[in-house]
Amino acid sequence: MINVTRTFLPDPDEYMRILKRAWDKRWITNNGELLQELEQKLKLFLGLDHFLFCGNGTIVLQMALKAIGKSGDVITTPFSYVATTNAIIWEQFRPVFVDIHSSDLNVDADKIEASITDTTVAILVTHVFGNPCDIDKIEDIAKRYNLVVIYDGAHAFGVKYRGRGLLSYGDFATCSFHATKLFHTVEGGSISVNHEKWREKIYLFRQFGHIYDEYFSEGVNGKNSEFHAAMGLSILPHMEEIMTARKEICEAYDHGLAGLNISKPIPREGTVPNNGYYPVLFESEEKLLQVAEALKSKQISGRRYFYPSLNELPYLQEKQHCPVSEDLSRRVYCLPLFPGLDKESIDIICNTIHETIAKS
Ligand SMILES: Cc1ncc(COP(=O)(O)O)c(C=O)c1O
């Protein structure tokens with residue numbers, strides 16, 4: 001079976017060699033040596049100034065929201081993973097969905113201002129598939145209305161935008177290192193705090209709000225362990241080969257799917273992408289379902305990512321409409337993409353899509 005992704009795993013001996021340092025000291029969590037080393041290495045790799053390795057890509061969103069220190073409305077995108085909306089609701093904020101732009105599937109920054117009211121406190125939007133949001137417009141709006149900007153950068157690992165790491169933009173930028181991501185620590189996440197005033201707060205939040213016997217604030221368990229850090233440390237040296245393999249697969253898809261009536265989100269100029277995903281937009285949901293069925297019959301599975309549009313989640317308290325996102329989320333499908341996906345499989349996938357579209 002070929003799935004939409006396959007977890008990259010290092011040589012187990014290499015993993016054990018690194019882990020053994022923590023094992024021998026019997027210090028396996030609580031800001032251990034491996035975690036600190038991983039933080040330093042990731043800071044350099046990602047070009048970040050202040051960066052914390054945490055439990056997962058959801059708790060970091062919750063901590064960023066908590067740092068605002070007051071409740072209210074949060075402008076957000078309907079086209080993201082459900083964790084983005086859930087974090088807002090979980091932290092007792094009201095999500096206000098602003099529709100997306102069809103070119104890059106990110107929030108349409110031109111529509112944000114119309115949704116701002118006296119109770120708006122923040123903008124939490126996602127760099128979908130690693131494509132940067134309209135950072136200039138969002139920053140300008142945030143400044144004028146005094147709003148906190150949180151970027152869900154779960155997909156943005158290693159993306160560069162205008163010569164800078166994408167996670168260096170916004171007041172906060174989070175990332176996910178879940179096993180399905182291009183760089184992973186089994187479970188894990190990070191938060192880049194790009195404004196001095198939040199730094200100490202987030203550091204304390206991650207560890208229940210205290211340092212040894214001194215208690216400073218409320219907090220949560222946002223920590224991660226030496227077992228997870230060791231996975232990150234053993235994968236990091238492979239990033240170049242991972243990125244190259246992903247780029248080559250994306251180019252093979254571009255070539256194999258040329259001429260079809262399908263489209264792809266277009267990244268903003270100045271982006272150096274990470275090729276984390278290969279999303280395609282079909283002409284209709286019907287075509288998408290036909291292709292998914294044809295691939296399934298060959299033991300190949302992509303993913304409807306993201307579907308449904310988050311403003312349509314059944315448990316939301318109020319109905320808000322986002323016609324662009326509702327339409328595109330029904331037509332978007334991510335194709336299998338991972339190092340090791342061979343040329344033959346890519347050909348089968350492309351040919352199946354060609355044949356299915358031609359037939360229908
Ligand atoms: C856009 C987005 N935000 C948040 C998350 C949550 O990350 P995690 O699974 O590490 O909690 C994910 C995970 O897939 C995601 O894709």
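User: Where is P308 found?

Analyst: P308 is found in the loop between α9 and α10; helices here are DSSP runs of H or I with at least four residues, strands are E runs of at least two, and both are numbered from the N terminus. The model is a predicted one, in which local features need pLDDT of at least 70 and side-chain atom pairs count only at pLDDT 80 or more, whereas totals for chains, interfaces and linings use all residues. Residues are numbered from 1 along each chain as its sequence is written.

User: What joins Y307 and P308, and what joins Y305 and F306?

Analyst: A cis peptide bond with omega of about 5° joins Y307 and P308. Y305 and F306 are likewise joined by a cis peptide bond, with omega of about 15°, and F306 lies in the loop between α9 (285-296) and α10 (323-331).

User: Why is the protein called as compact as a globular protein of its length?

Analyst: The protein has eleven helices and 14 strands. Its radius of gyration is 21 Å, close to the 21 Å that the globule rule gives for 360 residues, so the protein is as compact as a globular protein of that length. The radius is taken over C-alpha atoms, and the rule is 2.2 Å times the number of residues to the power 0.38.

User: Which domains are assigned, and how many residues of each are in contact?

Analyst: Domain 1 (12-236) and domain 2 (239-359) are given by the domain assignment, which is automatic or from a database. In contact are 27 residues of domain 1 and 28 residues of domain 2, a contact being C-beta atoms, placed from the backbone, within 7 Å. On the domain 1 side, α4 (82-90) and β6 (160-161) each supply at least two residues.

User: Which residues are closest to the ligand?

Analyst: Of the 14 residues that surround the ligand, the closest are G57, T58, Y81, A154 and S176. A residue counts as near if its C-beta atom, placed from the backbone, lies within 6 Å of the molecule.

How values were computed: Two residues are in contact if their C-beta atoms, placed from the backbone, lie within 7 Å.
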